[in-house]
Amino acid sequence: MTELKLQVCIDQAPSVLVSVNAGQQSDSVLAWELSRTYQNVRHIRLEHVLQYLTTMEADTMLLDVFNALQIGGTVEILCEDFDAVVLQWQNAVWDEGSIRRPDSDARQAFARLFGPQKQGNPTQTNYDSGYPDTFKSAYNSARLHFLLERTGFTQVSVKASAGGLVGQGLKTMQRGERQIANSLAGIRPDHINRYTFAKEQLIPQQPSAVLDLACGIGYGSALLADTLKCRVVGVDIDTGAIQYARQHYASEGTEFIQADARLLELGTETFDAVVSFETIEHVAFDLELLQKFHRVLRVGGTLIVSTPNQDVMPFDAEKFQYHIRHYTVEEFVSLVQAAGFHVTARYQQKDPHGGVVEPGHEGAFTILVCNKQ
């Protein structure tokens with residue numbers, strides 16, 4: 001099996017050279033299971049590792065590297081630049097002399113495209129039909145940049161160096177239950193569906209200002225601002241999430257604020273609508289938070305809020321490590337009413353992953369549309 005080397009820097013200790021592999025090999029760590037052994041790592045350097053992995057193995061490894069890093073941790077990736085390799089391949093002369101000469105464009109381009117294949121000769125004693133030193137994927141600057149951002153890294157840079165690439169990225173937030181993607185195409189459908197539902201509810205009201213609390217990386221705020229053509233203020237406690245929102249989802253209509261919801265002060269500003277999806281199950285001040293929503297809404301304003309349904313998705317502290325509790329539909333309704341709201345409609349998402357929003361109250365997620373009278 002392919003055995004690779006990468007550097008791991010933990011806290012202030014010297015870097016550790018870790019053996020990883022792309023298959024089942026007991027004396028080294030699987031390339032995509034690094035976080036099982038290493039956590040809160042400050043820097044990980046992958047030197048000519050990714051091209052030995054299949055595309056899905058590499059994607060899985062990048063996600064695992066992200067999980068292994070601490071907040072503020074960095075990744076550095078060195079790999080072949082496929083664009084440069086293709087040019088060298090096109091310039092290669094194929095004759096007996098170039099085949100015999102190790103430094104020829106023909107020999108060099110072949111090795112950079114397909115790996116050294118030192119164990120690929122069936123006439124040699126070291127022949128391995130598993131082809132451990134064969135490349136399985138390729139990267140250029142655009143692809144590596146995209147994959148690093150897609151994984152969740154910020155301040156991503158990819159530079160050409162000596163015919164190869166050096167990619168770098170910074171981890172600014174934990175994934176947890178957060179969606180991290182630099183475009184709506186990468187966001188899970190149930191999350192998009194909630195914001196699409198909110199958009200459709202609010203279009204007839206023509207709001208001028210909407211508060212999106214616990215906005216995460218800001219994709220929902222951007223969706224609302226783009227469709228409603230109004231000001232949308234996205235608030236999240238995570239500094240990294242807000243930085244990501246400002247980098248990828250900022251627009252003329254969006255404003256992103258880093259703040260603890262409990263400490264959030266908006267002065268005398270009021271909003272025509274408040275949207276807060278999958279938030280109250282994370283906090284110990286659920287009623288206080290809903291009362292704050294009530295205060296910042298104008299009279300006649302709309303609150304659209306959601307949470308897991310305890311009857312369908314019972315709370316389990318081990319399974320839902322970022323949650324404090326779940327609510328039955330009636331508990332949820334009572335809590336919203338206690339904050340001063342009138343519930344005008346109940347909706348549900350039956351599928352916890354694909355989640356089309358529809359009327360009802362028996363789904364995995366409950367969505368309430370409320371009014372401040």
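Contact here means heavy atoms within 4.5 Å. This is a predicted model, in which local features need pLDDT of at least 70, side-chain atom pairs count only at pLDDT 80 or more, and totals for chains, interfaces and linings use all residues. Residues are numbered from 1 along each chain as its sequence is written, and side-chain values use heavy atoms, with hydrogens and water left out.

Figure 1. Ala209 lies in strand S8, residues 209-213. Helices (H or I, at least four residues) and strands (E, at least two) are DSSP runs, numbered from the N terminus. Ala209 counts as buried because its relative accessibility is 9%. Buried means under 20% relative accessible area, exposed over 50%, and partly exposed in between (1.4 Å probe, protein chains only). Beyond neighbours within four places in sequence, Ala209 is in contact with Cys230, Arg231, Thr270, Phe271, Asp272 and Ala273. Val333 is 124 residues from Ala209 in sequence and 25 Å from it in space, C-alpha to C-alpha.

**Figure 2. The whole protein, for orientation.** The secondary structure comes to ten helices and 15 strands. The C-alpha trace spans about 85 × 40 × 40 Å along its principal axes. Of the 373 residues, 51% are buried. Among contacts between residues at least 6 apart in sequence, 63% join residues at least 24 apart.

**Figure 3. Leu50 in the largest nonpolar core.** A nonpolar core is a set of buried Ala, Val, Leu, Ile, Met, Phe, Trp, Tyr and Cys residues joined through side-chain atoms within 4.5 Å. The largest one has 61 residues, and Leu50 and Val210 touch the most other members. Leaving out residues up to four places away in sequence, Leu50 touches Ala58, Met61, Ile77, Ser137, Tyr139 and Leu144. Another core, of 32 residues, lies apart from it, with Leu264, Phe285, Val333 and Leu368 among its members. In soluble globular proteins, nonpolar side chains tend to be buried together.

**Figure 4. Helix H6 against helix H7.** Two packed helices are described by the angle between their axes and the distance between the axes. Axes are lines fitted to C-alpha atoms, for helices over the stretch in contact, and angles run from 0 to 180 degrees between N-to-C directions. The axes of H6 (residues 189-202) and H7 come within 10 Å and cross at roughly 30 degrees. H6 and H7 are therefore roughly parallel to each other. Angles under 35 degrees count as roughly parallel, over 145 as roughly antiparallel, 65 to 115 as roughly perpendicular and the rest as oblique. H6 passes H7 in a right-handed crossing. A crossing is right-handed if the near helix is turned clockwise from the far one by less than a right angle, and left-handed if anticlockwise. On the H6 side, the residues that meet H7 are His191, Ile192, Tyr195, Thr196, Ala198, Lys199 and Leu202. Their partners in H7 are Tyr219, Gly220, Ser221, Leu223, Leu224, Thr227 and Leu228. By class, the contact of H6 with H7 has eight nonpolar, five polar and one charged residues. Ala, Val, Leu, Ile, Met, Phe, Trp, Tyr, Cys and Pro count as nonpolar, Asp, Glu, Lys and Arg as charged, and the others, Gly among them, as polar.

**Figure 5. Helix H1 against helix H5.** The axes of H1 (residues 55-68) and H5 come within 9 Å and cross at roughly 50 degrees. That makes H1 oblique to H5. The crossing of H1 past H5 is right-handed. Thr55, Asp59, Leu62, Leu63 and Phe66 in H1 meet Arg143, Leu147, Arg150 and Thr151 in H5. Four nonpolar, two polar and three charged residues make up the contact of H1 with H5.

**Figure 6. Two positive phi values in loops.** Most residues other than glycine have a negative phi, and most peptide bonds are trans. Gln117 is not a glycine, yet has a positive phi of about 50 degrees. Gln117 sits in the loop between helix H4 (105-114) and helix H5 (141-151). With a relative accessible area of 29%, Gln117 is partly exposed. Lys229 also has a positive phi, near 55 degrees. Lys229 is placed in the loop between helix H7 (219-228) and strand S9 (231-236). Its relative accessibility is 66%, so Lys229 counts as exposed.

**Figure 7. The buried side of helix H9.** In H9 (residues 286-296), the buried residues are Asp286, Leu289, Leu290, Lys292, Phe293, His294 and Val296. They pack against S8, strand S11 (271-276), strand S12 (297-308) and helix H10 (329-338).
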